[in-house]
Every structure is written in structure tokens, then in C-alpha cells.
Amino acid sequence: MAKLARRDGAVKQTRQLTDYFYDPKVRGILFQVIVVALISWLVYGAVLNTVNNLEAQGIASGFGFLDRTAGFDISQSLIPYENTMTYARAFWVGLLNTLLVAVLGIVFATTVGFMIGAARLSQNWLIAQLATAYVEILRNLPPLLMLFAVYFGVLKTLPSPRESLALPFSSYLNSRGLYVPAVHWEPGFGVVVASLFVAAICVIAYWAWARWRHTQTGRQMPILLPSLGVIVGIPLLAFLLMGMPLSFDPPVQGRFNLTGGIALLPELIALLVGLALYTSAFIAEIVRAGIMGVPTGQREAAAALGLKPGQILWLVVFPQAMRIIIPPLTNQYLNLTKNSSLAVAIGYPDLVSVFAGTVLNQTNQAVEVILITMSVYLVLSLLTSLFMNWFNQRMALVER
Amino acid sequence: MKQLVRVAAALTAGVLFCATPAAAQQSSVLETVKSRGQLFCGVNTGLAGFGAPDDKGNWKGLDVDLCRAISAAIFKDPNKVKFVPLTAKERFTALQSGEIDVLSRNTTWTMSRDTSFGLSFAGINYYDGQGFMVKRSLGVVSAKELSGASICVQAGTTTEKNLADYFRSNKMEYKLVVFEKLPETIAAYNAGRCDSFTTDVSQLYAIRLTLGKADDHVVLPEIISKEPLGPVVRQGDPQWLNIVRWTLNAMLNAEELGVNQSNVDSMLNSDNPSIRRLLGKEDTFGAAIGLDNDWAFQIIKLVGNYGDSFARNVGAQSPLGIARGQNALWKDGGLQYAPPIR
Ligand SMILES: N[C@@H](CCC(=O)N[C@@H](CS)C(=O)NCC(=O)O)C(=O)O
């Protein structure tokens with residue numbers, strides 16, 4: 001403090017030392033420095049103290065445990081995992097499982113939420129009432145209760161693996177999950193993938209051209225059908241030309257379960273359905289509020305210009321409603337991600353179940369494990385917020 | 001400005017306070033328990049025979065009796081215990097953080113728990129091993145047939161690793177489903193999510209009785225692990241470790257010497273030096289662990305010997321009807337062998 005004051009004092013000698021102390025700017029900086037220093041000291045003290053206490057109690061500490069062999073199995077993994085791998089690997093498996101539910105859950109919740117939100121404003125009395133009932137029931141139930149209801153409901157209704165429900169494409173449904181054939185790439189499939197890229201580039205170019213033409217001539221080009229045709233058609237052609245370079249490994253009946261194929265676990269299905277239903281009710285309300293927040297004048301003006309109802313919704317109402325919708329929507333996405341940690345209750349191997357559960361119990365390194373787990377959720381939340389803020393800025397009114 | 005000074009002062013005080021390590025460890029557990037007037041004992045959330053409340057809310061079980069015995073030794077009253085129900089996942093944290101004084105909850109003594117968890121096991125009150133339960137309708141008679149099966153387990157137990165070891169060494173496959181709590185684990189097994197439920201065999205027997213028609217489920221003969229269950233305390237208080245250890249040993253020695261709940265009063269007149277030492281008529285073993293000399297007399301009088309407790313909770317007189325087997329005294333061909341009170 002004295003140092004800072006003296007240096008400044010040397011430059012402007014006319015001012016007294018005490019003047020600086022009463023200068024709000026200098027004082028502001030000074031106190032911030034003090035507070036940061038104190039907080040760092042506090043954190044340092046807390047860490048030191050924790051380490052000392054753990055040592056005094058004979059409890060192992062440090063992050064070395066991450067390299068030790070896990071020794072337990074995990075029911076679902078997006079990356080290769082075996083029980084001979086490390087705790088660190090188990091962490092990644094859990095994290096990816098969490099991300100999977102979070103991303104899929106957000107997609108489903110948003111889709112359903114927008115539909116229900118629009119339905120609440122429907123002219124049709126019955127549809128509006130049903131949507132209201134949906135929202136009122138779902139958002140007033142505790143999410144954990146919903147998960148249990150969905151999970152055990154699913155288990156009770158699905159047949160045992162010996163009486164699996166046969167679905168098209170050699171798929172089966174039973175109380176152990178939804179089994180679909182696993183797909184393996186044969187040589188030559190690379191060409192199909194490449195053709196998909198080419199198709200995508202063509203479509204994007206076509207969009208740009210259509211847009212340019214629209215601004216130039218005011219004439220609209222059909223977008224959806226040609227795009228779909230190209231995106232599906234070209235790779236399909238390549239696929240057929242290459243002699244269908246895919247092989248399927250369909251599930252077959254074993255003694256206890258179906259073997260082979262890919263299984264979507266009932267835990268994953270229940271968790272997705274539970275989280276999506278719960279969050280969609282909140283999203284529906286946000287969407288309704290957003291749409292109602294757009295002045296009716298806008299709609300009337302659009303109608304007066306001769307736009308069709310669908311066009312009014314997509315071109316006039318939604319873009320403006322989005323500005324109202326996005327900020328609270330971000331909150332719902334964060335909630336859904338955090339609520340996904342309820343997975344542990346119904347046996348889905350998410351980060352909390354695998355890492356803050358089994359790993360914590362086997363290593364007993366609660367401080368380290370919880371610290372890592374909390375940081376992960378913090379980072380996930382911050383990333384979601386960042387993305388949504390960026391999206392929000394893009395959607396903001398461009399004022400000319 | 002004043003506000004800021006106050007905040008700064010509080011922060012400083014916080015750091016100074018925090019930086020004094022292990023200030024909590026000053027008074028001994030025995031002193032704490034005595035001045036509190038109650039023992040805090042961690043037990044199962046509900047496992048018949050080991051630790052579960054009955055229909056009147058009284059805690060019953062082999063593990064519960066051990067805590068009652070400790071209470072009898074300290075307070076001459078078996079009921080000065082607060083039972084804290086804990087799930088498999090919560091138990092060690094509860095003990096480490098001082099929420100409970102002793103953990104008596106079908107907990108397996110393993111080297112990692114005994115060394116790097118900051119805990120000490122005080123003995124073994126039940127020799128157990130992990131087994132499998134399956135629905136009878138599956139027609140499975142051996143665990144060796146379980147390749148490809150789905151298996152339900154509870155998180156936070158030794159079970160998960162044993163299972164992985166067993167299937168790996170037998171080159172079999174399995175599908176695992178892990179639940180946090182016991183009720184959901186059992187509900188999922190019951191709903192057909194899994195072909196088998198696995199945990200310590202004693203627990204399988206206890207749980208089988210709760211599954212509606214117990215006869216629809218069989219416990220397979222294979223025992224895939226050693227699960228020595230026993231009471232646990234925090235490291236760092238040798239006197240408290242001794243109290244818990246010798247409470248269990250006193251119950252075992254009493255059975256060996258033929259001293260039980262109904263004859264303990266008349267045994268006070270026995271000339272057998274071992275019995276006289278046990279009941280505090282000779283020597284000062286009570287003082288050696290910080291208790292009155294009639295500590296073991298109170299345990300046997302108020303709770304009973306090991307055999308009394310076993311029969312009442314898990315053995316012949318209980319719905320579980322588990323045979324003494326490995327838990328018989330060493331002189332009857334079992335493993336229960338307590339060091340002498342001498
Ligand atoms: N002995 C094993 C397993 C003990 C255990 O926790 N068993 C479970 C499954 S029966 C249990 O008692 N759960 C009851 C609960 O969590 O409340 C261990 O110490 O890890």
C-alpha cells in the first residue's frame with residue numbers, strides 16, 4: 001500500500017499521501033487486492049488443513065489413485081472399458097455417460113417442450129387443456145419420484161428376455177433393454193462417408209445460391225425436398241455401387257439374455273424419458289410465455305402482408321419469441337444436466353454413480369473425488385451457459 | 001469501510017482457526033460418549049438378523065447387540081445407544097467424520113479399509129462369504145452356469161469387485177446393474193431386471209425372506225469370497241478400539257466358558273479362575289480399558305453371550321434359522337476364537 005502510494009506520489013508531488021487513500025479508484029483497487037489476498041490465504045489454509053487432518057487421521061490423500069486398477073465393471077460404456085483398466089478410465093466412462101443423457105435429454109426435452117408450449121396456445125380447446133394438464137402434472141412432481149415411476153413402470157411392463165418382443169430389423173425389446181443389430185463397417189464404406197460429405201457441401205452451396213436468388217429476384221426456391229434428396233440419394237447411390245459395405249450383427253437369444261447387437265439399457269431409457277418429461281413441462285411454459293410476449297401487432301402485420309399462418313409462426317413470431325425464450329431455457333438445460341445425477345438411484349452408470357459412487361467407496365478418497373466431480377459439473381454448466389449466451393447474441397434483434 | 005474491516009477480520013480469524021490442525025481430536029471417544037450419555041452406533045438401514053428396527057421401532061440384530069453390549073459395558077444399560085442407519089455408501093464417511101462412534105453394520109474387514117481409510121477393525125462377529133441368489137424358475141443350480149446373466153448389486157460394497165474377479169477368473173461374461181440403495185436393488189431383481197442378486201450369503205438369506213414367496217428363490221452353493229464382518233472404529237484412539245474389541249471378545253469368551261444371560265448371576269460364585277476374571281471377581285481388567293470391573297458381567301447380564309445373541313437374531317430361534325457353521329466356537333469346529341481375558 002505504502003509502496004503504491006509512494007510511487008504515485010513521486011509523479012504527482014502536489015498531492016498528499018492521504019489523498020490517495022481517499023481516491024475512490026485507488027481505494028477500490030487496494031481493497032480488491034486485499035480481498036483476493038485474503039481469500040487466497042483462506043483457500044491455502046483450508047487445503048493445508050485438510051491435507052494435515054487427513055494425514056493425522058491416517059486417510060490416504062492425493063490424486064495417485066487415478067492410475068490404479070479399477071477392478072469393477074460398468075454396465076454401459078461409450079469407450080472400450082474393462083475392469084483391468086484404471087480409475088481414470090472409469091471416470092471418463094462415467095463422464096461420457098453423463099454427457100450422453102444430458103445431450104439426448106436436452107434434445108428430447110426441447111422438442112417436446114416446444115410442441116406442448118405451442119399446444120397450450122392452440123385454438124383447439126381440447127388440445128390446449130391437455131397441454132395444460134401435462135404441464136401442471138409434470139412440473140409439480142419431484143423428479144426422483146418420476147424416475148422411479150418410469151423405471152419400475154418400464155421394467156414391469158416389458159416382457160422377460162425369454163419372451164422378447166420382436167420388432168422390425170431384427171430388433172427386440174425386453175426388460176433388459178432395447179436390442180438392435182450392431183453395425184460393422186466393411187472396406188469400401190469410407191467411400192460412402194466421403195460421398196455424404198460431398199452431398200453436404202452441395203446442399204450448403206445450394207442453400208447459399210437459393211438465398212442469393214431470393215434476395216435478388218424475391219422468388220423462393222424449394223429447399224427441403226431437394227436437400228433431402230441429395231443428402232440421402234448420393235450416399236445411397238455410393239452405398240449400392242460399393243456393394244453394400246456393411247454387415248450386421250443381430251442380437252440372438254442366449255440362456256439368460258440376448259447376446260450380440262447393441263443394447264439400450266432400460267436405465268438409460270427411463271432416465272431419458274423421466275428427465276425429458278420433467279424438463280419439457282418447464283420448457284413448455286417458457287415457450288408459451290415467449291410466444292405471448294410477441295406483440296399481436298406483429299402477427300397482424302404479417303397477416304396483412306399475406307403471409308401464411310405457418311410462415312407467420314416461423315418467420316415472425318418464433319424469431320422474436322426466441323429472444324425471450326433463450327435465457328430461461330439455458331436454466332432448464334443446466335437443471336437437466338444437474339438432475340441427470342439422479343441416475344444413481346435407478347442404476348444408470350453416470351459420473352456420480354461410477355466415480356463419486358463406486359470409485360469413491362473403493363478408494364475412500366472422498367475429498368479428491370468430490371472435488372473432481374464438482375469441477376466437472378461446474379465446467380459443464382459454464383460451457384452450456386457460454387454456448388447459450390453465444391446463441392442468444394446471434395438471435396438478438398439486429399437493429400439497423 | 002467499517003464493514004470491510006469486519007469482513008477482513010472474520011477472514012483472518014477463519015484462516016487462523018482453520019490452520020490449527022486436528023483440534024477436534026483432543027478428548028477420547030470414551031470421554032465424549034460418557035459426557036454425551038449416549039453411544040452413537042452406525043447400523044444397517046434394515047437387514048433382518050443384523051440390524052433392523054422391529055414393528056415397535058426397537059433395533060434388533062447381531063450387529064445391534066454389539067452396540068448394546070458396548071453401552072452395557074459403559075453405562076450398565078443396553079439402551080443408551082442412538083442407532084444411526086447407514087447405507088453401504090455412507091458408512092465410512094459417517095465414521096471418519098465423527099458422526100458415529102462405532103460402525104457395526106455387516107462390514108467386511110479388508111486390508112484397504114483397515115489401512116488407508118483411517119479406520120481400525122476391532123474383530124469379527126460373523127464369518128461370511130459372497131453368494132448368488134437366483135429365481136428358482138431359471139433352473140440354475142450352480143454359479144458356474146451364470147455366464148451371460150444380468151446381475152444386480154448394491155454400490156459401495158465389496159461385492160462389485162468380487163463379482164468382477166470371479167467372472168474374470170472363470171472366463172465368464174456377465175451384465176452388471178449397480179444401484180445405490182438396497183430397496184431399489186431388490187425391487188429391480190424382483191421386477192426381472194436381473195437374473196441374479198449377489199451379496200454376502202447371510203444377507204441373501206435375510207433378503208430372501210422378504211421376497212414374498214421365499215421358495216421361489218434359491219441361494220446357489222458357491223461362495224466366491226471371504227467376508228469377515230466386524231465392528232469398526234476410527235484410528236487413533238487405542239482405548240476405544242480396546243473397548244470395542246474386548247466387548248466382542250467378552251461375549252465370545254462367555255459362551256466358551258458357559259456363562260450366559262440366564263446363569264450369569266450364579267456364575268459370580270464360580271471358582272473357575274477364567275470365569276472369575278471375566279466377571280471381574282479377580283484382577284482389574286475393567287480398569288485396563290477405562291471401565292468398571294463388572295463391565296463384562298453387565299454385557300452378559302443385559303445383552304447375553306455371543307451364542308445367545310446369535311441364536312436370537314440369526315440362528316435357530318430366529319426366522320433366518322442360519323446354522324452356526326463357521327461361526328461356531330473353535331472348540332465346536334468353527335472359526336470363532338477369542339483371545340483369553342488374562
Ligand atoms: N460385507 C459387504 C457388503 C455389506 C453390505 O453393505 N451389504 C448390503 C447389501 S445386503 C447392505 O447391507 N445394504 C443395506 C443398506 O445399504 O442399507 C461389505 O462390507 O462391503
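1. Let's start with salt bridges: chain A and chain B have three between them in this predicted model, where the term means a side-chain nitrogen of Lys or Arg within 4 Å of a carboxyl oxygen of Asp or Glu. A salt bridge joins the side chains of Arg193(B) and Glu267(A), at 2.6 Å from N to O.

2. A word on conventions before going on. Residues are numbered from 1 along each chain as its sequence is written, while chains are lettered from A and ligands numbered from 1 in the order in which they are written. Because the model is predicted, local features need pLDDT of at least 70 and side-chain atom pairs count only at pLDDT 80 or more, whereas totals for chains, interfaces and linings use all residues; side-chain values use heavy atoms, with hydrogens and water left out.

3. Now the interface as a whole. On the chain A side 49 residues are in contact with 52 residues of chain B, contact being heavy atoms within 4.5 Å. The two chains bury about 4,200 Å² between them, and 56% of that is on carbon and sulfur atoms. Buried area here is the accessible area (1.4 Å probe) that two parts lose on being put together, summed over both.

4. Where is the largest pocket lined? Its lining has 36 residues, and the closest to the centre are Ile74(A), Ser75(A), Glu173(B), Tyr174(B) and Lys175(B). The pocket holds about 1,100 Å³ of space. On a 1 Å grid over the protein atoms alone, a pocket is an open set of points with protein on both sides within 12 Å along at least five of seven lines, a cavity is a set where a 1.4 Å probe fits but cannot get out, and lining residues have an atom within 4 Å of a point. Grid points are joined across faces, edges and corners, and a volume is the space filled by probe spheres set on the points.

5. Strands S7 (258–259) and S8 (262–264) of chain A, with helix H6 (159–169) and strand S10 (174–179) of chain B, each give two or more residues to the lining of the largest pocket. S10(B) gives the most, four residues. Helices (H or I, at least four residues) and strands (E, at least two) are DSSP runs, numbered from the N terminus. By class, this lining has 17 nonpolar, eleven polar and eight charged residues; Ala, Val, Leu, Ile, Met, Phe, Trp, Tyr, Cys and Pro count as nonpolar, Asp, Glu, Lys and Arg as charged, and the others, Gly among them, as polar.

6. The largest cavity has a volume of about 90 Å³, and among its 13 lining residues Asp73(A), Pro349(A), Ser353(A), Val354(A) and Val178(B) lie nearest the centre. Helix H12 (351–363) of chain A and S10 of chain B each give two or more residues to that lining, with the largest share, three residues, coming from H12(A).

7. The second largest cavity, of about 50 Å³, has Leu62(B), Asp65(B) and Tyr306(B) among its lining residues. H3(B) gives the most to this lining, with three residues. The lining divides into five nonpolar, two polar and one charged.

8. Finally, the annotations. UniProt (unreviewed entry) lists "domain: ABC transmembrane type-1" at residues 95–388 of chain A, a span that is 70% helix and 9% strand. For chain B, its "domain: Solute-binding protein family 3/N-terminal" annotation (unreviewed entry) covers residues 38–260, which are 32% helix and 25% strand. UniProt positions are given in the numbering used here, feature names are shortened, and annotations may be inferred rather than shown by experiment.
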